[in-house]
Each structure stands twice: as structure tokens, then as C-alpha cells.
Amino acid sequence: MDNSFETIVLGASMVGLGYACAHPQSLVLEPGELLAPEFTAAFRPITGPVCMQDSPLIQSLLGAGVLSDDGALDPLAFSAGLFRFAREQRLPVLMPARPVSVRPAPQGGYLVEFLTSSGLRRKHAWYLLDTRPKEVCRKSLNLLCHDAVPDMAERLCGAFPLGAESLPGGVEGESILRIFFSPEDSLRAARQSIIRGWRQAFPGGGPHITAIAFDFDYIPEPGGSLQGAAFSDPADAFLCGSRLLPASLPDFACEKEDAL
């Protein structure tokens, strides 16, 4: 692998993947094990048809059967479809790769240190694009459930003071529930709270939890247009990233991992 790139992208979000597809001299660093984790790891509901503007992504998802001709995207098959697309396009994604520090490089640009399974590595880039969630105003832990009841969200709101909402899932009979938590709540505490709250809301049994998301669904402060989590439509986020130009990227404030 080269030691210098035009751009290093922090986070394999849909914005980051769109940018890397348009700019092959990039390197995408993803600390997790899923592409577009703001959708795939968070079980983010995709409530309407996605943007069907022609792109390599749309063609790949249509070919894989993940996306229908009318723009309906299967949220659970989306992850596998993205890995297929990344292989087809040979996207330069390194994962898991956790950024440790970003420093100014003597020759200009940035020196990025990051941890992988093979140890600490360092790469140079002239530009940096950070697509990870930063200023979070709300977050939810989402879950899939079956056998929904009409007043499910209302009953859950009694158990979760910050609220809950129910949205249709990708197949008939499936629902995606968003349970809202404060920015300070940990993932472990939120999972435990969901189990307790579910028993409180449905003491006699009821809807079945099929799966709980791997991570929070982060809702950023308004204005974070380069953050993957700022988009409700993954195809729209991809197009936004593909239209970015390296010279238009904002300067990155070099910081240690404490702030990364």
C-alpha cells in the first residue's frame, strides 16, 4: 500500500464511500467492521424511496437485488450489497482502522496515525475528509421487531422518557423502533434499559424483538452536511460525497485521539 494519498477519509460513511468512488487516490479508514455504519450498524430506517439518480452504486444495488426499481431498499441486505459494490469498484477501504492522531506533515498536508490488526500505521495525505458524527444532539438505539401492536410506540414512550417511534421495516410484518437516549448514555446501559423497558411496556408478552442495533443512530446538530449521519437517504449521501472536490474540503484541526 502507498504511504501517501490525495485524501484520507475518516469513516466509511456513505459520504466517504461516494468521495472515494469519485477520487481513487483516497484511503478510507473505518474503525468498525461495517460499511456505512450510520445505516447498517445503527439499523437506521429508510422510510421512503432512495434517490435513483444513476450511479455505480445504484446499478450495483439493483443488480444485487438489494434495491427495487421503485427505490425501495432492503435495510438488512444493504450491508452485503455495499460490500459487493466496494469489491466491484475496488474502493480503498481499510477496516478496522481506528485513527489515533492527525498531525501537520512537514511537506504539507497531514500525517495520520491509526491502529489496525497489524499494529500502528502512519499514512500521509494532502487532504482530509472527516465524515464521522461529531456534534450529536440526539441519538437512538434502534431495533427490529415483529408482531407489532397498534399502540406499541405509545406504550414504549411510557417506559422511555425521551420517547420512541415505530416505523415500517423492510418486509411485511417487520417494524423498526427508535428508542431515544441522551448523548451521555452508553451503549451497554441503553441495551439494558431496552430490555427493562420492554418488559414494563408489555408485561403480558407482545411484540418480539428480533435484533438490537450494533450501535447508536446518531442525529447530528444541523449543518453537519459532511457527516454521514446527517443524511436520511444513503444514495443522496453517496452523491453528495461524489461531488466533493479535494480543494473544497475544510481544513482539519489536528488533534490527538482524545478529541478524534
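Analyst: Let us begin with contacts, keeping in mind that this is a predicted model. Leaving aside neighbours within four places in sequence, Thr7 is in contact with Tyr19, Gln25, Ser26, Leu27, Ala125, Tyr127, Leu128, Leu129, Pro246 and Leu249.

User: In which strand is Thr7 found, and is Thr7 buried or exposed?

Analyst: Thr7 belongs to strand E1, which covers residues 4-10, and because its relative accessibility is 0%, Thr7 counts as buried. One of its contacts, Tyr19, also takes part in a polar contact with Thr7, in which the two side chains are joined at 2.7 Å.

User: How should I approach the charged side chains, and how many salt bridges does the count come to?

Analyst: The general idea is that side chains of opposite charge can pair when their charged atoms come close. In this model the count comes to 8 salt bridges, among them one between Arg84 and Glu88, whose closest N and O atoms are 3.1 Å apart. Both Arg84 and Glu88 lie in helix H3, residues 78-89, where they are 4 residues apart, about one turn of the helix.

User: Why are Arg84 and Glu88 placed in the class they have?

Analyst: The class follows from relative accessible area, with partly exposed lying between under 20% for buried and over 50% for exposed. Arg84 is therefore partly exposed at 30%, and Glu88, at 41%, counts as partly exposed too.

User: Which salt bridge does Asp130 form, and is Asp130 buried or exposed?

Analyst: The side chain of Asp130 meets that of Arg132 in a salt bridge, with an N to O distance of 2.8 Å. Asp130 counts as buried because its relative accessibility is 14%, and Arg132, with a relative accessible area of 16%, is buried as well.

User: What does the salt bridge between Glu165 and Arg178 link?

Analyst: Here the closest N and O atoms of Glu165 and Arg178 are 3.5 Å apart. The pair links distant parts of the chain, with Glu165 in strand E8 (residues 164-168) and Arg178 in strand E9 (residues 174-181), 13 residues apart. Glu165 is partly exposed, with a relative accessible area of 29%, whereas Arg178 counts as buried at 13% relative accessibility.

User: Which residues are linked with Glu165 and Arg178 in a network of salt bridges?

Analyst: The network of salt bridges also takes in Arg44 and Asp217, so that Arg44, Glu165, Arg178 and Asp217 are linked.

Methods:
Residues are numbered from 1 along each chain as its sequence is written. This is a predicted model: local features need pLDDT of at least 70, side-chain atom pairs count only at pLDDT 80 or more; totals for chains, interfaces and linings use all residues. Side-chain values use heavy atoms; hydrogens and water are left out. Helices (H or I, at least four residues) and strands (E, at least two) are DSSP runs, numbered from the N terminus. Buried means under 20% relative accessible area, exposed over 50%, partly exposed in between (1.4 Å probe, protein chains only). A polar contact is a pair of N or O atoms within 3.5 Å; within protein, one must be able to donate a hydrogen and the other to accept it, and residues adjacent in sequence count only if both atoms are side-chain atoms. Contact means heavy atoms within 4.5 Å. A salt bridge is a side-chain nitrogen of Lys or Arg within 4 Å of a carboxyl oxygen of Asp or Glu.
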